[in-house]
Amino acid sequence: MSATESQPDASYLLRKLHSLTGILPVGAFLAEHFWSNSAALVSADKYNQTSAELQTIPFRIFVEWAFIFLPMLFHGGYGVWIWLRGKSNVSQYPWVKNWLYTAQRYTGLIAFVYIGWHLYTERFLTQGRSTYASVEQDLQNPLFLTFFAIGILASSFHLGVGIWNFLCKWGLAATVRAQRAAGQLGVLVGVTFSVVGILILISFRFDWHPFASYINK
Amino acid sequence: MAEAAAGKKVIVKVKRQATPKEAAHWEEFALNWRPSMNVIICLRDIAENPVTSDGKPTTPITYDSNCLEEICGSCAMLINGRARMACSALVDSLEQPIRIEPLTKFPVVRDLSVDRQFMFESLKRVKAWIPIDGTYDLGEGPRMSPEVQEKGYPLSNCITCGNCLEVCPQVNDHNGFMGAAIFSQVRLFNMHPTGKMHAAERLKAAMGHGGIEDCANAQNCVKACPKGIPLTESLAEVNREAWRQALFGWLVG
Amino acid sequence: MKQPKIIVVGGGLAGLMATIRVAESGVPVELFSIVPVKRSHSVCAQGGINAAKNQKGEGDSIAKHFDDTIFGGDFLANQTLVGRMCEAAPGIIDLLDRMGVMFNRTPEGLLDYRRFGGTLYHRTAFAGATTGQQLLYALDEQVRRHESEGRVKKYEGWTFLSAVIDDGGVCRGICSMNLHSMEVQTFVADAVIFCTGGIGAIFGRSTNSVVCTGSAQSALFQQGVDYANGEFIQVHPTAIPGEDKLRLMSESARGEGGRVWVPKTPGDKRAARSIPEAERFYFLEEWYPKYGNLVPRDIATRAIHRIVYEEKLGIDGQAAVYLDVTHIPVETLNHKLEGILEIYEKFIGVDPRKEPMKVFPAMHYTMGGMWVNAEDQGTNIPGIYAAGECEYQYHGANRLGANSLVSCIFGGGIAGPAAVKYAKSLTTGAAAAPSMVFERERQRQEEMNQALLSGTGGENPITIWKELGEIMTEHVTVTRINKNLELAYGKIGELTQRYKKINLSDRTKWSNQTLNFARELGNMLVLARVVTMGAYQRNESRGAHYKPEFPERDDYNFLKTTRAKWLNGDIQLTYETVDTSHIAPRARRYDAAK
């Protein structure tokens, strides 16, 4: 008889945590990261200055591990576990949201690998002292550039879909109408992050600073 | 008979499996086309004359069916790769050859017949009922606003056909996910004035093994539901109730 | 004695209600059903369930519900129990409401009621246009609760083959076949309640579900359970024709204002909507001004037959009339009739909100069924009870719309406790019956299977079934003519001979639906004879039974229950007096006030 008393199990809490960490802190960090890197759009100096400021925040190691590295490791690692428990059927049912479901898994993995590599090259190899010049140099390598672009697009997509998923899955967007609005929000976030991310890349690669005029004032 | 034989044919390919343990194989049939044919009529034609298109005698096809008006939930199967009800699958709207297979998320009994007991067991787990004191006369039921009725009625139309499980990427061998239909029932009973009193029990079950967290929002369920039940709304609603229960349940008891 | 055990066969409304009542009394109950009970034919009931709650202030009362039911049934129903049913109906609605049925509501939060055929009152509670489904689910959920708490054991995917009857003529259990393993097994029970539904399959195509073959009641008839009023077959006036099934278009379409009409000009080829009002013939409204489109089903069906076959006014010369709801606001339609309109749209591909539906009468319901006593649903064999459509008790010569759901729940509700009471009164229970009684029944059934599996003749069961359906539909439904009935009876005899030579295209021993169907077909042929013979011998017209040769009701000779008995392979009809102790028979007319 299966009528045993059912209780919330650990996987419920882990799944909830996975969903939450995707937005907070991982999504929020991504926003902060894109924001601070946008400094490159102003000037190399502005970028280096922003970078230096970030490197000098109090409790930096603690903040980095507690709010960035560990949540990201958990979100990525548990995400892979979730992937293994699903079985995509998008070839049989090629519906938009089913495509998003499958794409969310691949972009998540790409983003995870990319972020790992990105951290390694820009945070650990440089001991957290990456400068405009070092990034600029890295991006002269076409392979690096491509990988950066893919990583940015995958992360942006994953965050956009993730926001939609989050709002549906926490019941914050429950009605069909609300879910449509949540989807539009997701698209907006995904597209905005993609555009900003690519602009930042262009800035580094071509030494292009569209907001340089701000400084002259 | 001669003109019927010369007339239009319907080519049907059926995936056959004699017992749960035997390997599956395909058989093809050429049937006489008639207006407003559906897949059930095709299967009946085969039963009356079980001969494959290359003239080989075979057995009639075992399949589940009952009401033939899409309300009993029996005849769900894969038709041209999609989960749907055979009775409402009109031949003229299908690409030929029509491929018919059993649902893949449930154990095959024979041919197109599958065992969907899992869903009924899941309904037990989430206590999908109103726990009345007894059938003796206890007067009228609770008042209910038309608004609640209008929300609840579509949910109570669920025919337990299993299509929403079949199309869900999260329902598979590695996963005990109970599927959208079950959580929609949780929502139904939790919205009823009496059912509400026992909402916490159902939510606990919804947070247990195979529970609502295994939903990954692919939203195939709502597209495949033959009754147009707002399953994704139900999932979202139950999700919200569930985390509130998990977070605050211990505070308010 | 030790704890008794009850078996219920059939998991529709009546069977589930009986199961709940037995489980509630603390007696273990085993529930057998061919299909998972949630897929039983009760799901197909659409319009609603009757109870005189007088919630619209029209002065409705239990007495009026009682009178409408008896009058509608042309005085052939035994009145005492019908009266009790009408009294119980409001309580049944309350119970269903408490179980969580999503009945439609008024702004005050009370149940809404609609009008149905054969009454002038808003007496029918409804849940959209899928009331049967909603009611079945409510009971199914209660049974599932009892099941999960260990009081009910379900045997879904088992078909009933026969009762186990001991040498004293007492039922001691059942013999049943697992539809997967095809294994034949006997089960001990002190009492068995049969709720095995309708017999649509003997008419080939009908509004009934696939499992409604009447096989169980026929098997019991051949074991000595009498069968009453078999000739009373309700033909529903409005169904959507189809090759596999005649899909019901509920009376609620008319209850909500739907109108039946045909073009006044024979063979008018114009699209329905382009035919002006003045050129439409609303024949029901014209012929029956008081009840209009809501005359009882037998009257509406015959009117449609007259329009099509005598007046030759069928749409474009076909056997069809319009059922029109296009004048009703779309919001009302979606709110109150969505389920049934969707069926039309899905299976015909036309939106009935925009185009009038094309409908035609179809076999729908059997008023007749296993004979039961007027107290507690017991049959003439001790230990065998019957409830729901498979028994004959409540609807006389014609059933009123929305009365079937109430009769199922009421009948099941009294059969349960009656079976328990009987079982507890036994001095020696079924468990003490000699095992030989069970073994010989099992062997008899195994032998029948073997005979069918090894048959080498040239006959195909589906072909025989189709022919049976054609004969029955042509001669034994709306209009009955003695010479045709004789012909039909003879043809059923021929089919019975051919049946002995059937050759199964599937001889395997796993999930063999062909074998099961062949068994059911054998039983259908017997029941078809009972129905035809009953119709032949009843030389009058009453309710659904209409004989142009005898157009009047003949109370002197036929205010009687037909009771068929099986005597060594022969059917014998006897006639019993009807209980008319509450309402004196009067002429049944719907063209003027009663």
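The model is predicted, so local features need pLDDT of at least 70 and side-chain atom pairs count only at pLDDT 80 or more, while totals for chains, interfaces and linings use all residues. Residues are numbered from 1 along each chain as its sequence is written, chains are lettered from A in the order in which they are written, and side-chain values use heavy atoms, leaving out hydrogens and water.

- Chain C holds 16 helices and 21 strands (DSSP runs of H or I, at least four residues, and of E, at least two, numbered from the N terminus).
- Its radius of gyration is 23 Å, close to the 25 Å from the globule rule for 594 residues, so chain C is as compact as a globular protein of that length (taken over C-alpha atoms; the rule is 2.2 Å times the number of residues to the power 0.38).
- The C-alpha trace of chain C spans about 75 × 60 × 50 Å along its principal axes.

**Chain C: inside**
- Of its 594 residues, 67% count as buried (under 20% relative accessible area; exposed is over 50%, partly exposed in between, with a 1.4 Å probe and protein chains only).
- Among contacts (heavy atoms within 4.5 Å) between residues at least 6 apart in sequence, 72% join residues at least 24 apart.

**A closer look at A:Ala44**
- A:Ala44 sits in helix H2 of chain A, residues 44–55, and is partly exposed at 22% relative accessible area.
- Leaving aside residues up to four places away in sequence, A:Ala44 touches A:Tyr132 and A:His209.
- A:Lys97 is 53 residues from A:Ala44 along the chain, and their C-alpha atoms are separated by 41 Å.
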